[in-house]
Amino acid sequence: MIVGIDLGTTNSAVAIWRDGQALLIPNSLGHVLTPSVVSIDETGDVLVGLAARERLVTHPTQTAAAFKRYMGTRREAVLGKKSYFAEDLSALVLKQLKSDAEAFLGEPVTEAVITVPAYFNDTQRKATRMAGQLAGLKVERLLNEPTAAALAYGINLKDEAKFLVFDLGGGTFDVSILELFEGVIEVRATTGDNRLGGEDFNNVLARMMVDRFKNDFGAKNLETPALIGRIRAAAELARRALSVDNSGTMTVVWKNKEYSLQVGVDEFEEAAGVLLARLREPVAHALRDGSVRAEDLDEIILVGGATRMPVVRRAVTKMFGRFPSAAVNPDEAVAVGAAVQAGLKARDAALGEVVLTDVCPYSLGVNVSERLANGDVRDGIFSPVIERNTVIPASREKSFHTMYPNQRSVKFQIYQGESRKVSDNVRLGEIDVPVPPAQSGGSVGVACRFSYDINGLLEVDLFVSESGERRELVILNDHTISPEELARRREALAELKQHPRDSAAARALMARAARCYEQTLGERREQVARLILQFENVLERQDPKAIDRAQEEVSAYLDAIEGETWL
Amino acid sequence: MAVTTSSIWSILDIEATDDASTIRRAYARRVKIVHPEDDPEGFKALRNAYSQALAWAARPTASVIVHATTPEAAEMSPEEAVVTLDETADDTLRSLTPRDPGRVLSLDADADENEEQDMAPPAPDLARVRRLEANESEPPPATSVERASIRTLEGADDTPPPPTVQRDYKAALAHLEGLLAAEAEPESGALLRDVDDALAQSGLISAHMEIEYRLGHLAAHYWPRSDPFVARIVAHFRWADARIDDPHLQQAVSWCVQRDKDLVFLAEAQKRGSPLLRFAPQLQLLRAAPELRKPPSFAFLKGFIQPGLLGEVRKLLSEIRAHPTLEAEFPAPAQKAWWRYFNNQRINPLGLWIAITVVGAILGLSAIPQVAAHPPNPAVVSIGALNDVATMGDRQSLWIVCQAHSEFAFENCTAPFAPPAGVTKAQQELAVQTTSGTEIPSSIDMAGYPDGTNVAVQIDVSHLVAPLPPGTATPQTPVEATSPPTQLPVHPVVVVMDCHTGSRRSPCRIVGHGANSHRINAKALDALERAERSADRAVHPR
């Protein structure tokens, strides 16, 4: 069974294709969304999901969130005593999703389609694939998120359609233009900004809070994780409130004092103006690349939790002069699309006649030198071989020449990106080819062929016609680490015990109550403390019925003082 | 990949057709059999055929006329046919754009747009061709000549522009272009009114895209007239921190951003009374006064009398250099001459003597064949009104470009070449006419051209271009493929030759390079100075 996984910045979800439709799998709490948050508790065990998210406030130094933004970088998050790369933390989330799926399906899950932001570069994709491997999943396909969302939307359409997927997630922004005709779903263009997402909108609110109470908090305190965690949580709550109301309130309790800031919608919209303006360029770019006029689009599909924000919806409405489609659930569409892809992959009969073609979002090319007429050599020029937004799989060939008559080898360095200078692009690998001496002071030509396959696997073939020499380089979408290293890291993650499923709900509630305790003052705070004590007593008695009852009571009280839990 | 027209249709399994929807249906049918997952190679071929067939169907009807007369047309794949038309259109339009003669010259006839940091105002005619391709129904905003030529290309489609409600952004932009192109200096308030009217309607993404594109290109093309609104549009579209990697827009945007910065610099400097303010009179002089357009002829004497002024001019030149769009605003020949002047001053008599010795030594050594350094380049041209000398990417020919200008002594440009025996040449005025001849000219007749005309001379030096000396460190990176000699090069390299000034005469050396003539003036000066410096080092060994 192949599962489809949306590994998001804020939330993740897992779904399967079954009986001709996509089915989202609930986690142990009964939710289809699992917050992408990892926390290590006092005993060294790992918590993933809602319970971990609550601990962002109570145990900020042992909890990590939004690590997808650092995927593929060497940046480490320190949780407790150990430090983890983004792919390790993602692997822990994937393991949790895997076990949820296994519990639901009653069979082992070993293969997955995992979605990535379309604008993830090769390194970020490699890291995602690596996370899957670390979690014990064979990654059958990395699917671009907007493409997945489009699949979720387009799979039920019968007619021809052109639509734009506007995917603003927690940490990344993707725009894809797709065309559907005669059972072909074709991605026309994909662009984006992989450093823009809902988190940035939270940061805007957090910044307002900090600016307002800078002196009260003190500059030094503003660097402590505890305070930062609280401000972030308050900002997140306020953003949610702003999604339904005309104003939201950020409340932070710090050193037994309550700080409150009310933010109106207009105020928020103004503060977020820079971010909203950044939504435009990728859209324009995609329209240009896809040669599609905005008027010709049949629908604008909003995907990603951040598109629930009215300010974003308003910006989109203004941009296109019409309302975006409400046909898909912005939080679930990507996971659903991943499941559809899993079904396509398994050649499910219900999907037989649909073919999906995607594009490579980045240009791929080599480093060349230009010889200037005065004999100077300028190195580091990027010469694209496969241009961005080329339909994949694709092969392109370009010929290059040696620089000097006595040159005996040519080094091809492979890069990905759009800058004319290779130093601004992402280096993927290199390959040398020996060449024969040039005849009569000329140069030797080397034919360079790039083949980019459907899984993002790039193959470079070099052919020197004068000598018949051939070289081949396969740039795998895997980290170049040894199997031993992979096994070792997998082992290290396996040592982290995940909490049993049956206690997950109680644990999440406990974490929530602990957070509430920190975020309230006075009588309420004492009431929360009492509830925690009672709840602990009930848990110790291990009477399932009593535990259920107590859970309901505690949730009800917490809901009453801070509103229902959101995802 | 040689795909013939017939194989496109056989891969798609249909008869040749102009109907895009038939092609799409055929592709959709075939792609389910030639599935990208199961048969990647088959899919690639199918995809190739599909896009070529679509290009064929979408080809402008004019291309049929263009190629119907040639027997090769039948053999030509749709893609080739379309490309050829584009080139033709490009050239035609380009040659009809004499708006800014000093800067229009563009040696990269293939319209290579990817040169990094290309500060040149992109030729808007390209943009218009693109819009033609995109089949947009807007009226071509151009001079009457251009409009006529576009109409011709469109097949004399003279439909009126779509009716407009009030003054929409298209009208505002057209009006703006009219103001910019007019002979009279436009009033900045009027320009801003047009710009603001257009910007006010940029809410819709489609309008936003069009306005961004048009304003960017107008600003880049009509500077310095566009100065009053550059800051406005840079701020509106947030270009300063936008990451625009769309090649259609990138050049114009990066130019505007730089221009905006430079204008701010200028304004700041004037406000704060910075050193630049002290140059203000010289700035004006350098721009306008004929006496400063050329360095003093009795250099040492004037330098002695007025060292302060010369120092200031020198500082001014450096400041200008740090702000490329300001640099481009001043007459390049004047700047060039001034730099030459300052650089020459640095060679003291002792240095000269050492130089003579060293040159003598080299000449002596070069008698031993194995140690021969680069042979001197063949052409000797004086630098006066010489704009550019270029070698093509293949280094097979030199281009010399002179600009006709009544104020400059272009007897310099007609000054004697020292044609080595057997050098052939092709002389042509850029994109306008071709003259014949087999000998390198000893002079170029500039008399027949109006001021500002650029005249390009191509000299075939293929057999004179020496390979680099053996033993040079072997760089390991490949070099970009050069085009076949029969085509115009894709990446022409333009160079400026360092030749004699005034009465002093020296063999031409190639010292600078660039992508086109506009940029060359800036870049070449840099290279020129570098070359001078290294010459200094050569004569002052440490």
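User: Among contacts in chain A between residues at least 6 apart in sequence, what percentage join residues at least 24 apart?

Analyst: This is a predicted model, in which local features need pLDDT of at least 70 and side-chain atom pairs count only at pLDDT 80 or more, whereas totals for chains, interfaces and linings use all residues. Residues are numbered from 1 along each chain as its sequence is written, and chains are lettered from A and ligands numbered from 1 in the order in which they are written. Two residues are in contact if their C-beta atoms, placed from the backbone, lie within 7 Å. For chain A, the proportion of these contacts that join residues at least 24 apart is 68%.

User: What percentage of the residues of chain A count as buried?

Analyst: A residue is buried if 20 or more other C-beta atoms lie within 10 Å of its own, exposed if 12 or fewer, and partly exposed in between, with C-beta atoms placed from the backbone. Of the 567 residues of chain A, the buried proportion is 51%.

User: On which residue is the kink in helix α5 of chain A centred?

Analyst: Helices (H or I, at least four residues) and strands (E, at least two) are DSSP runs, numbered from the N terminus. The bend at a residue is the angle between axes fitted to the seven residues ending there and the seven starting there. In α5(A), residues 198-217, the kink is about 45°.

User: Which residue with a positive phi follows α5(A)?

Analyst: The buried residues of α5(A) include F201(A), L205(A) and F217(A). Among the elements covering the buried residues are β12, α6 and β15 of chain A. The residue after the helix has a phi near 90° and is G218(A).

User: How far apart are the end C-alpha atoms of helix α3 of chain A?

Analyst: Of the 13 residues of α3(A), 12 are buried, so this helix is largely enclosed by the rest of the structure. The expected span of a helix is 1.5 Å times one less than its number of residues, which gives 18 Å for residues 122-134. In agreement with this, the end C-alpha atoms of α3(A) are separated by 18 Å.

User: Which residue of β3(A) stands opposite W17(A)?

Analyst: Two strands pair if DSSP finds at least two bridges between them. Four bridges join β2(A) to β3(A), and the strands run antiparallel. They form a hairpin with two residues between them, where D19(A) has a positive phi of about 50°. Opposite W17(A) stands A22(A).

User: Is N389(A) buried or exposed?

Analyst: N389(A) has a positive phi of about 60° although it is not a glycine, and lies in the loop between β20 and β21 of chain A. With 21 other C-beta atoms within 10 Å, N389(A) is buried.
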